[in-house]
Amino acid sequence: MTNAGILSSLNKALGWELRAIAMYAHYAAYVSGIHRINLATHFNNEVTESITHAATVRSAIVKLGGEATTERDSTEIVHTSDFNIMLKEAYKTEMTASETYREILPLIDEIDDRELYDALEVVYFDELRSVEELRMMLM
Ligand SMILES: [Fe+2]
Ligand SMILES: [Fe+2]
């Protein structure tokens, strides 16, 4: 894999983080019913986590000499105030994010950059934890 291939994968991941920021901020604003008490805070924490992830991925792109995207992934953000739909949408988003990082890690391993590998592995584990959390929340 060339650097160009890695950069396009990292930009895909960055686009998903930018989308996650928009999605979770939207859901924090619209979540309604008794679960708003917990879920507004949860969604706002996910906004913060996604901002941190985006910063990590952006730094990786800069380090590899690429140009970081400023566009979010174009996959639709479903508008709703129903927390059940929000959690299902969040689950799909976290699954895609974890898949994306799972595919990136071997590429970073190939160019043997331990600093980048460790930084992106931390993000990958965050996404896996989110998938598991959402799986429990949806039960
Ligand atoms: Fe993320
Ligand atoms: Fe996430």
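Analyst: A residue is buried if 20 or more other C-beta atoms, placed from the backbone, lie within 10 Å of its own, exposed if 12 or fewer do, and partly exposed in between. The model discussed here is predicted: local features need pLDDT of at least 70, side-chain atom pairs count only at pLDDT 80 or more, and totals for chains, interfaces and linings use all residues. Residues are numbered from 1 along each chain as its sequence is written, while chains are lettered from A and ligands numbered from 1 in the order in which they are written.

User: Why is Trp16 called buried?

Analyst: Trp16 has 26 C-beta neighbours inside 10 Å. The definition asks for 20 or more, and therefore Trp16 counts as buried. Trp16 belongs to helix 1, a helix being a DSSP run of H or I with at least four residues, whereas a strand is a run of E with at least two; both are numbered from the N terminus.

User: What does Trp16 contact, leaving aside neighbours within four places in sequence?

Analyst: Trp16 is in contact with Asp73, Thr96, Ala97 and Thr100, where contact requires C-beta atoms, placed from the backbone, within 7 Å. The C-alpha atoms of Trp16 and Glu71 are 9.3 Å apart, although 55 residues separate the two in sequence.

User: How many helices and strands does the protein chain have?

Analyst: The protein chain has four helices and zero strands, and its pattern along the sequence is α-α-α-α.

User: How do you know that the span of helix 4 agrees with its number of residues?

Analyst: The expected span is 1.5 Å times one less than the number of residues. For the 24 residues of helix 4 (residues 114–137) this gives 34 Å, and the end C-alpha atoms are 34 Å apart, so the two agree.

User: Which residues of helix 4 are buried, and against what do they pack?

Analyst: Leu116, Leu120, Val123, Tyr124, Glu127, Ser130 and Leu134 are buried. The buried residues of helix 4 pack against helix 2 (36–63) and helix 3 (83–111).

User: What makes a set of residues a nonpolar core?

Analyst: The members must be buried Ala, Val, Leu, Ile, Met, Phe, Trp, Tyr or Cys residues joined through C-beta atoms within 7 Å. The largest such core here has 29 residues, of which Leu10, Ala13, Tyr101 and Leu120 touch the most other members. Helix 1 (3–30), helix 2, helix 3 and helix 4 each give two or more residues to this core, and helix 1 provides the largest share, 10 residues.

Technical notes
Contact = placed C-beta atoms within 7 Å.
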